[in-house]
Amino acid sequence: MRQVLVAGNWKMNGSRESIKGLLDGIKAGMGDVKAQVAVCAPYVYLADVQTQLAGSSIGYGAQDIATEDAGAYTGEVSGPMLNDFGGKYVIVGHSERRSLYGEADADTAKKFAAARRHGLTPILCVGESLEERQSGVTEDVVARQLDAVIALEGVAALANAVVAYEPVWAIGTGMTASPEQAQDVHAFIRGKIAALDAGVAEGLQILYGGSMKPDNAAELISQADIDGGLIGGASLVAEDFLGICRAGG
Ligand code: PEP
C-alpha cells in the first residue's frame, strides 16, 4: 500500500519572516494529518527550514539541483551542498525549469542522477503543455520525459524516487485536470514502468500537480494511481496546505 505524500513547492516566494509563520501554522495543524508531508524551499531558506522542522515529521528539500558536484558553475547549488542542510527531497525537471530556463530532458536526467548520487529523493516532474494535449501527444511527451531518466539511471532508480505528473496547462492557472484526466496519465505512467519492473511500479508514489486545492484534492487523491500532490500556490497558505494534507486520508 503506497502512502500518500503531499509536497509543497514554494517556488520563489516567501521571506524569512513569512516562512516562519507558514511553518508554525503547518506544524500546529499536523495533529490529524496521516499523509507524509514535505516542503520544498528556496535554497537560501533551507537553513531556517532545517531549524524550524527539527524534531517534526514534516520533510523538506530543495526545488532544483546542479548536475555537477562542485566547480566553476556560478549560481548553481550542488548535491553535497544540499546535504549540508539535511533535507530529503529535491524537485527535478519542474516545467518552469524546462520552459523558462531551457532545461532539456537530458539535463533533468542528469539532475535526477545527481540527487541519487547524494542520497536525495528526486521528485521528477513530467507533463504536457496545452498544445501537446490538444494535439493528442500527452502520453508521448510523458514517455519521452521518463525515458530520458530511465535511459541514464535505469528503471530501478525509480524505486527511490517520486514522480509528479504536472500538466503544464494546470500549473498556477486554476485549471485543474479532472480526476479522470489525471488518473489516465497516472495509470499510463505506472503501466509504462510496470512493463519494465512491476515491483518498482507498484511501490512508486506518483503525485498530481496543477492547481490542487483543498476542495479538489480528495477526489484527485482517491484515484487508484494518484498517491498525493505537488502543491504550488496552495502550499503558501498553512490552512490551504493542511486542507490538502488532510484530504490525503
Ligand atoms: C507546481 O508548480 O508544482 C504547481 C503544482 O503549482 P500550482 O499548485 O500553483 O498549480
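Mentor: In this predicted model, strand 3 (residues 59-62) and strand 4 run parallel and are joined by two bridges. Look at Gly-61: its bridge partner in strand 4 is Tyr-89. Now turn to strand 5 (residues 121-126). Strand 4 runs parallel to strand 5 as well, and four bridges join them. Here Val-90 stands opposite Pro-122.

Next, the side chains of strand 4 (residues 89-92). Tyr-89 and Ile-91 point one way. Val-90 and Val-92 point the other way.

Now step back to the nonpolar cores. The largest has 66 residues. Among those with the most contacts inside it are Ile-26, Val-49 and Tyr-208. Helix 11 (residues 238-247) gives the largest share of this core, five residues. Another core lies apart from it, with 12 residues, including Ala-38 and Ile-123. Follow Val-49 for a moment. Leaving aside residues up to four places away in sequence, Val-49 touches Trp-10, Ile-19, Leu-23, Val-39, Ala-41 and Tyr-60.

Finally, the whole chain. It has 11 helices and eight strands. Of its 249 residues, 53% are buried. A compact globule with 249 residues would have a radius of gyration near 18 Å, and the chain has 17 Å, so the two agree.

Technical notes
Residues are numbered from 1 along each chain as its sequence is written. This is a predicted model: local features need pLDDT of at least 70, side-chain atom pairs count only at pLDDT 80 or more; totals for chains, interfaces and linings use all residues. Side-chain values use heavy atoms; hydrogens and water are left out. Buried means under 20% relative accessible area, exposed over 50%, partly exposed in between (1.4 Å probe, protein chains only). Two strands pair if DSSP finds at least two bridges between them. A nonpolar core is a set of buried Ala, Val, Leu, Ile, Met, Phe, Trp, Tyr and Cys residues joined through side-chain atoms within 4.5 Å. Contact means heavy atoms within 4.5 Å. The radius of gyration is taken over C-alpha atoms; the globule rule is 2.2 Å times the number of residues to the power 0.38.
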